[in-house]
Amino acid sequence: MADTPLLRPGDTCWRLARADRVALLVDGSRYYPAVGRALSRAERAVWILAWDLDRRMRLFRDGPRPENLPEQLGPFLDGLCRRRRGLHVHVLLWDYAMIYALEREPFPVLNLGWRSHPRVHFRMDNQHPVGASHHQKVVVVDDAVAFAGGFDLSKWRWDGPEHAPGDPRRRGPDGHAYQPFHDAAMAVDGEAAAALGELARQRWAAGGAGPADPPLAPSADPWPTELVPDLRDVEVGIARTRPAYGEWQEVREVARLYLAAIAAARHWLYLENQYLTSNAVGSALAERLAEDHGPEVVIVLPLRKDGWLEANTMDVLRSRLLRRLRAADRYGRLRVCYPYVPGLGDSWVSVHAKVLIMDDELLRVGSANTSNRSMGLDTECDLAVEARGRERIRKGVAAFRNGLLAEHLGKETEDVTAALQRQGSLVAAVDALSSSSGRSVLPLDGTVSSQVDRLVPGSAVIDPEGPVDPEVMLRDQVPREARIAGRRWTLRFAGLVAMLALLAAGWQWTPLDPWLEAEELARWIQGVRGSPWSFPVVAALFVVATLLAVPVTVLIVATSLTFGPGQGFAYAYGATLIALSAAYVAGALLGRRAVRNLAGTRLNRVSQWLARRGLPAIAVVRIVPVAPFTIINLVAGAVRLPFRVFFTGSALGLIPGTLAIAVFADSLLAVVLRPDWENLAILGGVSAAMVTGALLLRRWLRVRLPGKGGRSDAG
């Protein structure tokens with residue numbers, strides 16, 4: 001191994017940079033206090049790159065915290081800037097997809113930007129291809145200490161190594177408990193920290209902020225005194241994924257390092273990850289498992305993914321890859337398992353760590369999942385240390401792996417080390433230490449029902465390996481005959497926004513005002529909200545209105561105005577699903593001939609397209625209105641498109657638009673009730689964002705429908 005390095009700058013890593021100290025941090029009870037104490041020593045510059053971030057998350061839950069500093073992240077950063085006049089904090093957060101909005105702190109630009117100290121600089125990162133995300137999780141303090149791994153500074157991530165059921169400290173900002181969470185990160189100093197600072201400044205500049213100079217060396221060492229290094233005087237490899245975008249060229253160091261490590265393994269590979277869906281990683285593992293004398297492979301995954309969406313998409317892709325690996329495992333060298341903690345009931349340990357350990361030679365910890373998108377679509381940052389035969393580093397790598405297994409097995413690190421020496425096999429050691437009663441790792445079946453498997457498309461749609469051209473995607477998912485004139489659709493959408501905004505203004509500044517006094521409106525809304533029959537009434541109205549071809553957008557706006565953004569979204573979303581189901585049944589009862597009178601000559605073309613494309617097509621038409629809402633529902637029923645396909649695709653595709661409209665309606669109502677400049681500015685910003693989003697969507701997708709005069713409006 002000493003003659004064949006795996007960490008090769010320009011190939012499997014960006015660069016090699018020396019660190020005098022390296023600490024391996026497992027679980028939030030170690031990570032967050034270490035980050036907080038390093039931040040408290042910051043003098044000049046802090047850089048935070050995040051996929052998710054919540055200013056309400058608590059850095060300190062056990063033991064003392066730095067003097068006179070709050071425990072919540074946002075106030076903590078503000079306090080740092082007040083205490084150190086020369087300090088600037090830079091926070092770069094992924095400009096996330098709307099589907100994540102309900103899981104995150106609302107209005108991040110307001111809460112993390114406007115409400116923060118002037119020297120806390122906040123930006124949303126949207127400099128990536130369509131469908132990609134900024135997924136690097138990096139914290140850098142004065143270019144002297146840096147952290148990288150799987151942790152975001154967000155809610156629902158803190159936990160102790162016990163992952164104890166009902167731990168009262170495991171609660172989000174709203175006070176609600178969440179399930180156990182396991183993650184890992186690496187802390188480095190010296191040249192390695194400075195290199196991560198350079199990476200952070202590059203990403204910040206890519207967002208349009210302009211170049212930033214590295215900070216002057218701090219007067220004191222920001223390394224937390226409580227953080228004991230696991231390794232000393234090592235070279236750290238920094239591996240990245242970065243898709244091609246603008247002037248940036250594609251970088252796939254993460255993928256190349258994964259494949260190089262799998263190919264070089266002699267004895268065993270140990271992986272912990274949130275996902276297991278990467279075609280490249282799966283093929284490489286299957287090839288090694290099929291060898292007569294290949295390495296053993298132990299993979300620790302979560303029992304299942306959180307939430308309905310990922311359970312019915314990423315878990316399906318995982319089950320397909322597991323079938324491939326098990327088919328290749330002719331010699332019984334594969335173990336796929338999940339951490340089991342007694343007393344969790346229906347919950348489980350959410351494994352979020354992204355760890356790969358090859359033999360006792362290579363250790364990598366970072367942000368990259370073993371998924372396709374982490375190999376070529378999302379921005380990622382992993383750190384790796386290679387022993388190259390040096391015994392002191394080999395011992396550190398082995399100790400980290402054995403410590404991870406000890407945590408999952410409910411044992412001491414020494415127990416795992418002894419079992420491994422006794423058995424001479426990682427698989428045999430895990431089997432010997434596993435228990436069917438106490439804390440342990442249990443075999444992960446990972447299969448899904450055949451019905452769900454048939455519903456879910458391939459990884460190219462759910463977990464793409466690289467940027468997807470929107471025009472190509474639409475051409476594959478939307479039939480040419482069903483495409484609408486984008487410019488006309490955008491003008492209609494903008495007109496609706498303008499009409500509602502003018503109506504709100506008219507209520508305030510014209511004779512219409514007495515008809516809708518703010519107090520009367522508030523009392524009326526409160527009465528409707530308080531009724532136990534509110535949702536059944538809303539659902540019934542949606543069903544009737546949909547069958548009468550009333551635009552569903554108007555119904556969603558009315559519901560959101562009445563019930564507010566949260567409850568309004570839930571009511572509108574649920575009622576829309578009920579209404580489209582009713583229209584589907586109506587189409588099935590009416591049959592093809594009757595529906596043809598409504599759909600015209602498009603019936604055959606649209607029906608053929610729906611049948612051919614299935615679930616992805618239904619999801620697309622809920623985002624891109626290629627035909628009237630009611631017509632799509634009736635046609636789907638008339639041609640007997642499987643209801644589960646129709647309903648699942650609709651449920652996925654309706655989320656972004658319904659959520660956006662609910663937020664807009666809430667801003668509109670705020671203007672009606674209190675027409676001050678702040679609310680007017682928020683309404684204007686939300687309206688502009690929606691119209692801009694519509695314009696960009698239509699520009700990206702470039703949909704057109706041939707018709708009279710070359711174009712016609714299908715919706």
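The largest nonpolar core has 59 residues, and V22, M186, V188, L196, V236 and F400 have the most contacts inside it. Such a core is a set of buried Ala, Val, Leu, Ile, Met, Phe, Trp, Tyr and Cys residues joined through side-chain atoms within 4.5 Å. Buried means under 20% relative accessible area, exposed over 50%, and partly exposed in between (1.4 Å probe, protein chains only). Leaving out residues up to four places away in sequence, M186 touches residues including V22, A146, F147, L363 and V385; contact means heavy atoms within 4.5 Å. A second, separate core of 41 residues includes V46, V91, A187 and W223. In soluble globular proteins, nonpolar side chains tend to be buried together.

This is a predicted model: local features need pLDDT of at least 70, side-chain atom pairs count only at pLDDT 80 or more, and totals for chains, interfaces and linings use all residues. Residues are numbered from 1 along each chain as its sequence is written, and side-chain values use heavy atoms, with hydrogens and water left out.

The structure holds zero disulfides, a disulfide being a pair of cysteine sulfur atoms within 2.5 Å. C81 counts as buried at 0% relative accessibility, and C337 is buried with a relative accessible area of 4%.

The count of salt bridges comes to 29. A salt bridge is a side-chain nitrogen of Lys or Arg within 4 Å of a carboxyl oxygen of Asp or Glu.

| Pair | Closest N and O atoms |
|---|---|
| D11 and R256 | 3.1 Å |
| R232 and D20 | 3.1 Å |
| R401 and D360 | 2.7 Å |

R401 and D360 are both buried. These two residues also belong to a network of salt bridges with E361, E391 and R394. By contrast, D11 is partly exposed at 24% relative accessibility, and R256 is partly exposed at 34%. R232 is partly exposed at 45%, as is D20 at 40%.

K155 is buried yet has no salt bridge; the nearest side chain of opposite charge, D54, is 4.6 Å away. For charge, Lys and Arg count as positive and Asp and Glu as negative, while His and the chain ends are not counted. Apart from residues up to four places away in sequence, K155 touches D54, R56, M57, E103, R104 and P173.

R30 is partly exposed, with a relative accessible area of 37%. Its side chain reaches the backbone oxygen of L24 at 2.9 Å. The C-alpha atoms of R30 and G160 are separated by 7.9 Å, although the two residues are 130 residues apart along the chain.

Terms used:
Polar contact = N/O pair within 3.5 Å; in protein donor to acceptor, adjacent residues only side chain to side chain.
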